Amino acid sequence: MPNSATDDAEYDLAVIGAGVAGLTGAVTAAELGLSVALLDSSAQPGGQFYRHPAPALGATRPQALHHDWSTFTALRRRLADSGVTLLAGHHVWTVVRAPTSGLWDVHAVTGADGDGECPVRVRARAVLLATGAYERHLPFPGWTLPGVVGAGGAQAMLKSGLVLPGAGTSSARAGVAAPPAGAKPAAGPRVVVAGSGPLLLAVAASLAKAGARVPAVVEASSYLGYARHPRTLAANAHKAAEAARHGAALLRHGVRLRTRSAVTQVHGSDRVAAVTVSRLDRDWRPVRGSGRRIACDALAVGFGLVPQLELATGLGCATRRAQDGSHVLVLDAQQQTSVPGIWAAGETGGIGGAQLAHAEGEMAGIAIAARLAGHRAPAGSGRVRALRRRRDRMRAFASVMAAVHAPGAGWSRWLDDTTDVCRCEEVSAGRIREAVADLGARDARTVKLLTRAGMGWCQGRICGAAVACLAAEGREERPPVPAERRPLAVPVRLDVLAARTGTTAPDPGDPQENAAENH
């Protein structure tokens, strides 16, 4: 299982992303006879879901922080036995079709932050995009204070660093690292968990188990929305069981669940000291006079996940709008995108969780192996039929989940004019509203040009949705947020670009490019 590759090494399949979908797709394709390169920016496989501590931290029971750890250990065994070339610490910045060979050129930079000295190019007959997702952030007064972290970020801190938000020391309460002999466990930090989506329950349960005190889980939506889809719930009973496990854990730790509520302000001078929690109406507008303060040391907040599509949209892959307003890839029954030779699995097709990613990764691996062998995937085989039924069942639940937790249009009422919306460029809500009201901006792109909102290090990944909503504030019909299309998926030094002469970028006039624009 090598960790490096000679520049311009050729494979049958390049898999981008070593989370559940990418791992499953890579080992499935390799077991069916393909040569496979698996690229991921992290130092070890597992993605966000199976993020785990580095060996140097001495964690004795990393499985204590995970659900279904046995699935990951099985994937790691298959990976070790498969002959897949694992390229860890590789940040893929673009994928292009080689003009002469017809192969796909996958360009990456190495290093912890993509700052390695040697750029790498991997060539492949097919590409599987398993790039996962990142958190959706909605700003509110005080969200830039130290101690405010993403909900998924809080879970990542715990899983990979054994650290709790609001605490300066490693956690020993989770059973993954032994406390010093004779030491008494200190009272953990107080961490409010807020936002929307099922991830909040998992995060709160993990933090409480690891020793944090969780005063409340604050959910902006209502779980009663699931009750309108009884057939989908019945077909996905494992999801209800998972929610029940998290709920039972929260009850054991005395954690209060507040629905139809949101953190609308964070208080503190140099770090978080308290939050204001307000009741919300059905459009997520704060109910006047409903704010209540909760003292805390940290806030873990997130409003669900959105697919990471920079590479896909750069290739011209068609997208569609999901029920929560995010863009997801259009995929056929075999997980292929609208661009021939490019497949996708996992969160790129819509946020659905690890089990769905596992099924889609296996389906993609089977389909790619069949296509490269010159025949159709065995759609009639028992295994493929079972995978398709499982995928469709879980995709239906994912659609319900997206609809239930879709942000309401009234969330922008949380903001005062001094609230920073774009943290990188320090652009406030007031400046964005001024660009709309006084300078005639009517969309996020124009706001960006007038204020620099979205031009910073994150390139709008954090603030893009908020800027688009503010640009449409006060209009009866809010335009959809366009799918971002960028030639570079991650920051790249100019000398790396200069060294890669002779490659071609997607043609802006290509019909598949236009298809992505039109969705």
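I count two residues as in contact when heavy atoms lie within 4.5 Å. The model I am reading is predicted.

**Entry: Ser-222**

I looked up Ser-222 first. Its place is in the loop between strand S10 (216-219) and helix H5 (230-235). I set aside neighbours within four places in sequence, and Ser-222 is then in contact with Arg-260 and Val-404. Is Ser-222 buried or exposed? Ser-222 has a relative accessible area of 17%, so I list this serine as buried.

**Entry: His-238**

Next I went to His-238. I find this histidine in helix H6, which spans residues 237-252. Not counting residues up to four places away in sequence, His-238 touches Gln-355 and Met-394. The relative accessible area of His-238 is 26%, so I note the residue as partly exposed.

**Entry: nonpolar cores**

I then turned to the nonpolar cores. The largest core has 41 residues. Which of its residues touch the most other members? I noted Val-263, Val-266, Val-275, Leu-299, Trp-414 and Val-421.

I looked up Trp-414 by itself. I again left out residues up to four places away in sequence. Trp-414 touches Leu-138, Pro-139, Phe-140 and Pro-141, among others. Its contacts also include Ala-262, Val-263 and Thr-264. Leu-280, Trp-284, Pro-286 and Phe-303 are on the list as well.

**Entry: helix H3**

Helix H3 covers residues 151-161. Which residues are buried in H3? I have Ala-151, Ala-154, Gln-155, Ala-156, Leu-158 and Lys-159. The cover over these buried residues includes strand S7 (133-135), strand S8 (148-150), helix H4 (199-209) and S15. I also checked the residue just after H3. Leu-162 takes a positive phi there, of about 60°.

**Entry: cysteines**

How many disulfides does the structure hold? I count zero. I checked Cys-424 to see why. Its sulfur is 4.0 Å from the closest cysteine sulfur, in Cys-458, which is too far for a bond. The cut-off I need here is 2.5 Å between cysteine sulfur atoms. Cys-424 is partly exposed, with a relative accessible area of 38%.

**Entry: Asp-324 and Arg-136**

I count 15 salt bridges. One of them joins the side chains of Asp-324 and Arg-136, at 3.2 Å from N to O. Where do the two partners sit? Asp-324 is in the loop between strand S17 (319-321) and strand S18 (327-329). Arg-136 is in the loop between S7 and S8. The pair links distant parts of the chain, 188 residues apart.

Both Asp-324 and Arg-136 are buried. For Asp-324 the relative accessibility is 15%. I also have the two side chains down as a polar contact, at 3.2 Å. Beyond Arg-136, Asp-324 touches Leu-305, Ala-402, Ala-406 and Pro-407, not counting residues up to four places away in sequence.

**Entry: Arg-452 and Glu-425**

Arg-452 forms a salt bridge with Glu-425. Their closest N and O atoms are 3.0 Å apart. Arg-452 lies in the loop between helix H11 (444-451) and H12. Glu-425 lies in the loop between S20 and strand S21 (427-428). The pair therefore ties together parts that are 27 residues apart in sequence. I checked accessibility for each partner. Arg-452 is partly exposed, with a relative accessible area of 41%. Glu-425 counts as partly exposed at 25% relative accessibility.

**Entry: Asp-495 and Arg-493**

Asp-495 forms a salt bridge with Arg-493. I read 3.0 Å between their closest N and O atoms. At 44% relative accessibility, I note Asp-495 as partly exposed. Arg-493 also counts as partly exposed, at 36%.

Salt bridges that share partners join Asp-105, Arg-121 and Arg-123 into one.

Methods
Residues numbered from 1 in each chain as written. Predicted model: local features only at pLDDT ≥ 70, side-chain atom pairs only at ≥ 80, totals over all residues. Heavy atoms only, no water. Helix = DSSP H or I, 4+ residues; strand = E, 2+ residues; numbered from the N terminus. Buried < 20%, exposed > 50% of the residue type's maximum accessible area, 1.4 Å probe, protein only. Core = buried A, V, L, I, M, F, W, Y, C linked by side-chain atoms within 4.5 Å. Salt bridge = Lys/Arg side-chain N within 4 Å of Asp/Glu carboxyl O. Polar contact = N/O pair within 3.5 Å; in protein donor to acceptor, adjacent residues only side chain to side chain.
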